[in-house]
Amino acid sequence: MNDGRLNVITGATGLLGSHIAELLVARGEAVRAVVRSTSDTTWLRGLGIDIAEAEIKDPAAVRRAVAGASVVYHCAARVGDWGTWDDFHAGTVETTRHVAEACREAQVERLLHVSSVAAYGHPAADKAKYTEDEPLGQNLWMFWDYYARSKMEAEAQARQLGRGVTIVRPTWIYGPRDRAVIPRMLKALSKGRVRVVGRGDNLLNMVYASDVAEGAILAANQPAAAGETYNLSSTGEITQQQLLNTLCDALGRPHVTTRVPQRAAFRIAMIMEIIGWVIRLKRAPYVTRQGVSLITRPTQFSSRKAREELGWSPRVTVGEGLQRTLQWMAEHGLAGEANISRGAPVMRQESPSAPCR
């Protein structure tokens, strides 16, 4: 029930921000969404929440937007695997500084800052699990590792609030209103541009958006979470091969059987990035190192702290989550040729080490 506390969400039209808004409204809480003037707010207005048009690159606009807030969920950031450092710095680091400063000025009780496990950089796969105490920015790529760098530097800006901030680091978020990763994979699959990287039996760090939203809300409202950081990760339910099989089934296409070694995939991605920079591509190349990393990154991020201190754990199975995601994309014209029947299972139960067909 609404106790007079106001929740402000930046990036509320995005994947995670929209799910946080949805859950808060369902709980009867007051919500203000901070959006650009050019954003489509039809869905948010349908929730009956307050809309504040503001460019978070403008410090004065941010101060006005967070005025009166008890909790600010900072979800807005530059997301993607392409762009200049200026783009990522302005869209992630500087905007976080503006939000943190506005929260301090407005005496906001808690800033919930959404970071990413990408802030760890590329730690070597030599541990059973990586906890929140793991150093940030490990083994960063020499060239163009801008997303990881920006997430790391944004955390430093948020930490200026001390115990006034709580940070969550989700892994790969998917779900309805994903307009980036899964739609891009569907498009590439429909054009035959996808290969299995490595053996394809690696488990993926996929976490359903509403589960991450629940974790963020728990962290923002738990007094003991003040000043703390939490990984929000799954233990891995689906392999790379199973995910590709599921998406191919949705498209009515044969399963991907061609493999490329992981090192070769990174080299190919690096070459394509170099070409992209030389010819000044506006959009990411077909293959990028970040894309290869996402699909091959092992499930090694521990969420034990979130489970024990927040009582959080993912509830939506990957089969159910993909069903909901693909149905939403089909309804909104983002699923390409996919024709998902409502209620039909999209993932077969098979062994994680099942051979590629």
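Q: Why is glutamate 101 called partly exposed?
A: Glutamate 101 has a relative accessible area of 30%, and because buried means under 20%, exposed over 50% and partly exposed in between (1.4 Å probe, protein chains only), the value of 30% makes glutamate 101 partly exposed. This is a predicted model, in which local features need pLDDT of at least 70 and side-chain atom pairs count only at pLDDT 80 or more, while totals for chains, interfaces and linings use all residues. Residues are numbered from 1 along each chain as its sequence is written, and side-chain values use heavy atoms, with hydrogens and water left out.

Q: What makes arginine 97 and glutamate 101 a salt bridge?
A: The closest N and O atoms of arginine 97 and glutamate 101 are 3.4 Å apart, and a salt bridge is a side-chain nitrogen of Lys or Arg within 4 Å of a carboxyl oxygen of Asp or Glu, so the pair qualifies. Glu94 is linked with Arg97 and Glu101 in a network of salt bridges.

Q: Why are arginine 97 and glutamate 101 separated by about one helical turn?
A: Because they are 4 residues apart in helix H4 (residues 85-106); helices are DSSP runs (H or I, at least four residues), numbered from the N terminus.

Q: How do you know that arginine 177 counts as buried?
A: Arginine 177 has 9% relative accessibility, so arginine 177 falls in the buried class. Its salt-bridge partner is glutamate 22, with the closest N and O atoms 3.0 Å apart.

Note on methods:
Helices (H or I, at least four residues) and strands (E, at least two) are DSSP runs, numbered from the N terminus.
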